[in-house]
Amino acid sequence: ENDALISKIDAVSKIESGLLPAYNRLVPRERMTKLLKAVSQKVPPLSKADEGDLFVRLPILAAALQSAVPSMLQGVLTEVNEDDKELVPEFLQGLTDYALSAEHPPSGRTAAASCVHAILKN
């Protein structure tokens, strides 16, 4: 079972490494909002499925946030916060806890830290 999981993780990592450059460009505001909301619903991960989802989405979100125009990112964060007043602060706390926890994969922890940095620098 562990070998199968490691094999799946390796396959996802190879595919994702090819996808990440696409997110190093400007991501449309609607897509950024959907991605941010999707990831925020999985932090903290409550199951292995959530962990797997974060393994894929966190690096993508990190790349998108790092390359976002500050005014667009601020607009996305404002929009998300208007929908749920506590979402952004809770999301930042969850990402920080995720990044600092040794229970999660190093690549996911690094991506979580990049997300926190991108949000806070804005």
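This is a predicted model: local features need pLDDT of at least 70, side-chain atom pairs count only at pLDDT 80 or more; totals for chains, interfaces and linings use all residues.
**View 1. Helix H2 and its buried residues.** Helix H2 covers residues 29–40, and at 1.5 Å a residue its 12 residues should span 16 Å, which agrees with the 16 Å between its end C-alpha atoms. Met32, Thr33, Leu35, Leu36, Ala38, Val39 and Ser40 are the buried residues of H2, and the buried residues of this helix pack against H3, helix H4 (70–83) and H5.

**View 2. The packing of H3 with H5.** Helix H3 (residues 48–67) packs with helix H5 (residues 87–100) at an angle of about 105°, their axes being 14 Å apart, which makes H3 roughly perpendicular to H5. On the H3 side the contact is formed by Glu51, Leu54, Leu58 and Leu61, which meet Phe91, Leu95 and Tyr98 in H5. The residues of this contact divide into 6 nonpolar, no polar and 1 charged.

**View 3. The packing of H3 with H6.** Between H3 and helix H6 (residues 106–121) the angle is about 30°, and their axes are 8 Å apart; the two helices are therefore roughly parallel to each other, and H3 passes H6 in a left-handed crossing. Residues of H3 including Phe55, Leu58, Leu61 and Leu65 meet residues of H6, among them Ala111, Cys115, Ala118 and Ile119. By class, the contact of H3 with H6 has 11 nonpolar, 5 polar and 1 charged residues.

Conventions: Residues are numbered from 1 along each chain as its sequence is written. Side-chain values use heavy atoms; hydrogens and water are left out. Axes are lines fitted to C-alpha atoms, for helices over the stretch in contact, and angles run from 0 to 180 degrees between N-to-C directions. Helices (H or I, at least four residues) and strands (E, at least two) are DSSP runs, numbered from the N terminus. Angles under 35 degrees count as roughly parallel, over 145 as roughly antiparallel, 65 to 115 as roughly perpendicular and the rest as oblique. Contact means heavy atoms within 4.5 Å. Ala, Val, Leu, Ile, Met, Phe, Trp, Tyr, Cys and Pro count as nonpolar, Asp, Glu, Lys and Arg as charged, and the others, Gly among them, as polar. The expected span of a helix is 1.5 Å times one less than its number of residues. Buried means under 20% relative accessible area, exposed over 50%, partly exposed in between (1.4 Å probe, protein chains only). A crossing is left-handed if the near helix is turned anticlockwise from the far one by less than a right angle, and right-handed if clockwise.
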